[in-house]
Amino acid sequence: MFDLHGCVAVVTGGSAGIGRGMAIALARQGADLAIIARRPDKVAATAKEIESLGVRCLPIACDVTSEESVIAARETVLKEYGHIEILINNAGTGGPPVPTVEMEQAHFEKLVNLDLNAAFRTLRIFAKPMIEAGYGRVINIGSAMGLRGNMDIPLAGYHAAKGGVINLTRGVASEWAKQGVTCNCICPGTFPSESNDEEFIKSQAEFVRVTIPMGRPAIPTDIDRVGEMDAAICFLASREASYVTGVILPVDGGWTAI
């Protein structure tokens, strides 16, 4: 089960952090990859790393806030591979924390633009060839913070943007249900990453201990390590998940259970 040989997966924000981990997980199942991110050197280095797993990996420098850049990225993938089966809609940002009454409108709008508008743009542009082919797996990356508030870190703009991603998932899942394209959303909890570095994780140790039933951050994926996101991403990307759409799946150590 969950064999992805013959599939092409596009991962936005795929050069680092959770995006890199998800690309690695899909590559282990045999998918060929296209990873999309802003930094050309980082994208190229990650693509080379992923190709060590025996798959093809196309690095694409792309700004997901630009319509022209996302369309160009899609055309590059189609020119290289000829088809797209999987989209992991992951690119976004989370911070920095700012109390709501001190947050400038421009800061809020930047969060919405990067986390929600860009997700819609990428989904709309990359889903078109999937709908035309009658098959596709779209996985949006939300956040546990899109499902709840929190008293410790002032991130109201991030909560709002990721909440939008979650209901965007439900909307397009309902629209595409009869067209062979599923759309689901994974909501990660606390995963170590480039943005959530070791220093940040240590600073949040008490928050994690008190708010997450498992009492620890997640184990991230690496080239030589299976992580705690891998099973969720590979299942939802698979052919076997054909009757699963509109699902919001927390991978958060039980954070949203309480």
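Which side chain does the side chain of N150 make a polar contact with? It's H159, at 2.9 Å, where a polar contact is a pair of N or O atoms within 3.5 Å, one able to donate a hydrogen and the other to accept it, and residues adjacent in sequence count only if both atoms are side-chain atoms. Keep in mind that this is a predicted model, with local features needing pLDDT of at least 70 and side-chain atom pairs pLDDT 80 or more, while totals for chains, interfaces and linings use all residues. Residues are numbered from 1 along each chain, and side-chain values use heavy atoms, leaving out hydrogens and water.

**Around N150**
- N150 sits in the loop between β5 (136-141) and α5 (156-176); helices (H or I, at least four residues) and strands (E, at least two) are DSSP runs, numbered from the N terminus.
- A polar atom of the N150 side chain also lies 3.0 Å from the backbone nitrogen of D152.
- Setting aside neighbours within four places in sequence, N150 is in contact (heavy atoms within 4.5 Å) with M145, H159 and F207.

**Y158**
- Y158 belongs to helix α5 and is buried, at 15% relative accessible area (buried is under 20%, exposed over 50%, partly exposed in between; 1.4 Å probe, protein chains only).
- Beyond four places in sequence, the residues Y158 touches include T93, L111, D115 and M145.

**Helix α2**
- V43, T46, A47 and I50 are the buried residues of α2.
- Down the axis of α2, these fall within an arc of 105° (directions from the helix axis to the C-beta atoms), so they line one face.
- The face turned away from that buried side carries exposed D41 and K48.
- Cover for the buried residues includes α1 (17-28), β2 (32-37) and β3 (57-61).
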